[in-house]
Structure formats: structure tokens, C-alpha cells
Amino acid sequence: MSNARVQLENLQEEKIADQKNIINLQNELISQKNEELGLVSKTVEAELKTYSSALQQSCSTALSPKNIVAAVQKVAREDDRSREVLVFGVAEEKGECATVKVAKILEQLEEKPKFQQCRRIGQLRENAVRPIKFSVRSTDIVYQILSKAKRLRQIEGYKTVYLSPNRTPEERVARQKLVAELKEKRTGDPNSRYFIRKGEIVQVALEESFHSTE
């Protein structure tokens, strides 16, 4: 009996020792996981700070007073340009009054809008006629004037006068390409009528064009 009791006590002690080892291993594992979570937390925190700093800097740059002023000025320039008309082909004379010349052109179109800032633009050069620029109150008035501008081709003394919106340099380049394409189409297909409408080349058969004018 004494030997059996001793063996039982030894087994109990071994079991207790094993349980202690298991508990120690669990504690080590928990400690290791906590360290890993701590590293992940620090990494995430650092990344968030970096992103927040970059976002703050980006927003600060975008909303800086200098950028805001530049954006407002750009919108204002575009708005001013949309209300301006350019007049080409008007003889330039010393001591002339550009306002009177523009008023006579508009009279031929049966238009009498209030306009301002009427002047020649560009550098004065020999044997070159500078265009006249003037401004009206709205883009609707610009459109109304331009829609009648082709009438000038039929009026004696104004056949060489051409009216145009005040386009940006990019818009002028695009317009020149469109006009060149228009000329090619007219040359290559004399049986159709081609014209530019809303920034695109439109084709109409001559028969259709004839009937539409009846």
C-alpha cells in the first residue's frame, strides 16, 4: 500500500507540474500576442498620423488664400470673356472712334445692345488691321449678335466684316482645325452643304437645303 500511495503522489505531483508548465506556456503566448498587438497598434497609429498630416497639408494647400484668389480670378476672366465679341475686318483709321464703328455694325444687324470697353486689341503694325473687342451684359446677347452676323456678307460695305466670340488660345486652335476640316469637306463633296454648328461640322444635302429655304 505504501508503494501505491507513493506512486499516486508522484503522479499527482507530475500532473501538477505539467499544469504549471501549460499555464506558463499560455502566459508566454499571451505576452507574445500582446507585444505583437502593441506593434500593430503603433504601426497603425503612425500610418494614421502620416495620412492625417498629408491630408491636412493637401487641404491647406488647396484652400490657401493664394489658390482661392487664383480660382476666383480665373472664373471672373472666363465670365468676362463669355460676354465679349471680337470684330474683324474693320478698317483702322487714325483718330477713329471704335464705339461708333461697332454701333453701325450692330445697327446693320438690327441690334442695339448696351456695350462697353470697346477698343482695338493687339499691337499696332503696318499693313495690319487690329480687331475690335467690346463687351455686352450677358452671353445671351452675344449669342443673339453672332447668330445674325452672317447677314453682313450680304450688306455692301460690310462683306469683309467678321464677328466672333472671344475664344481662349486653346479654343482658337480647335476652331482653326475645325475650319480647315470644313474647307476640306466642302472641296471634296460639292454636292452637299457643310457648316459649323455648336462646335461640330454638320452636313446637309443641297436638295434638302433648297427645300428647307422654300
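Is Pro 165 buried, partly exposed or exposed, as judged by its relative accessible area? Pro 165 is partly exposed, with a relative accessible area of 27%, where buried means under 20%, exposed over 50% and partly exposed in between, for a 1.4 Å probe and protein chains only.

The structure is a predicted model, in which local features need a pLDDT of at least 70 and side-chain atom pairs count only at pLDDT 80 or more, whereas totals for chains, interfaces and linings use all residues. Residues are numbered from 1 along each chain as its sequence is written, and side-chain values use heavy atoms, with hydrogens and water left out.

## Overall layout

The chain has six helices and six strands, which are DSSP runs numbered from the N terminus, helices being H or I with at least four residues and strands being E with at least two. From the N terminus on, these elements follow the order α-α-β-α-β-β-α-β-α-β-β-α. Of the 214 residues of the chain, 21% count as buried. The accessible surface of the chain comes to about 17,100 Å², and 52% of this belongs to carbon and sulfur atoms; such areas come from the Shrake-Rupley method with a 1.4 Å probe, and for residues only the protein chains shown count as cover. Among contacts (heavy atoms within 4.5 Å) between residues at least 6 apart in sequence, 47% join residues at least 24 apart.

Leaving aside neighbours within four places in sequence, Pro 165 is in contact with Glu 84, Leu 86 and Leu 146. Pro 165 and Lys 133 are 32 residues apart in sequence, with a C-alpha to C-alpha separation of 9.5 Å in space.

## Pockets

Rolling a probe the size of a water molecule over the atoms shows where empty space is left. On a 1 Å grid over the protein atoms alone, a pocket is an open set of points where a 1.4 Å probe fits, with protein on both sides within 12 Å along at least five of seven lines, and lining residues have an atom within 4 Å of a point. Grid points are joined across faces, edges and corners, and a volume is the space filled by probe spheres set on the points.

The largest pocket has a volume of about 1,500 Å³ and is lined by 35 residues, of which Leu 146, Arg 167, Arg 175, Ile 196 and Arg 197 lie nearest its centre. Helix H2 (65-82), helix H4 (139-148), strand E4 (162-165), helix H5 (169-188) and strand E5 (192-197) each supply at least two residues of this lining, and H5 gives the most, with seven residues. By class, the lining of the largest pocket divides into 14 nonpolar, seven polar and 14 charged residues, where Ala, Val, Leu, Ile, Met, Phe, Trp, Tyr, Cys and Pro count as nonpolar, Asp, Glu, Lys and Arg as charged, and the others, Gly among them, as polar.

The second largest pocket holds about 160 Å³ of space, and its lining includes Leu 86, Phe 88, Tyr 162, Pro 165, Arg 167 and Arg 175. Strand E1 (84-88), E4 and H5 are the elements that give two or more residues to the lining of the second largest pocket, with H5 again giving the most, at four residues. This lining has five nonpolar, two polar and three charged residues.

## Aromatic pairs

The structure holds two aromatic pairs, a pair being rings of Phe, Tyr or Trp (its six-membered ring) with centres within 6.5 Å, where planes under 30 degrees apart count as stacked, over 60 as edge-to-face and the rest as tilted.

| Pair | Centre to centre | Angle between planes | Class |
|---|---|---|---|
| Phe 88 and Tyr 162 | 6.1 Å | 35° | tilted |
| Phe 115 and Phe 134 | 5.4 Å | 65° | edge-to-face |

Phe 88 is partly exposed at 32% relative accessibility, and Tyr 162 is partly exposed at 39%. Phe 115 lies in the loop between helix H3 (98-108) and strand E2 (116-120) and Phe 134 in strand E3 (residues 132-135), so this pair ties together parts that are 19 residues apart in sequence. Phe 134 is buried, with a relative accessible area of 1%.

## Backbone

Most residues other than glycine have a negative phi. Glu 110, in the loop between H3 and E2, has a positive phi of about 60° and is exposed, with a relative accessible area of 63%. Gln 117, in strand E2, has a positive phi near 50° and is exposed at 53%.
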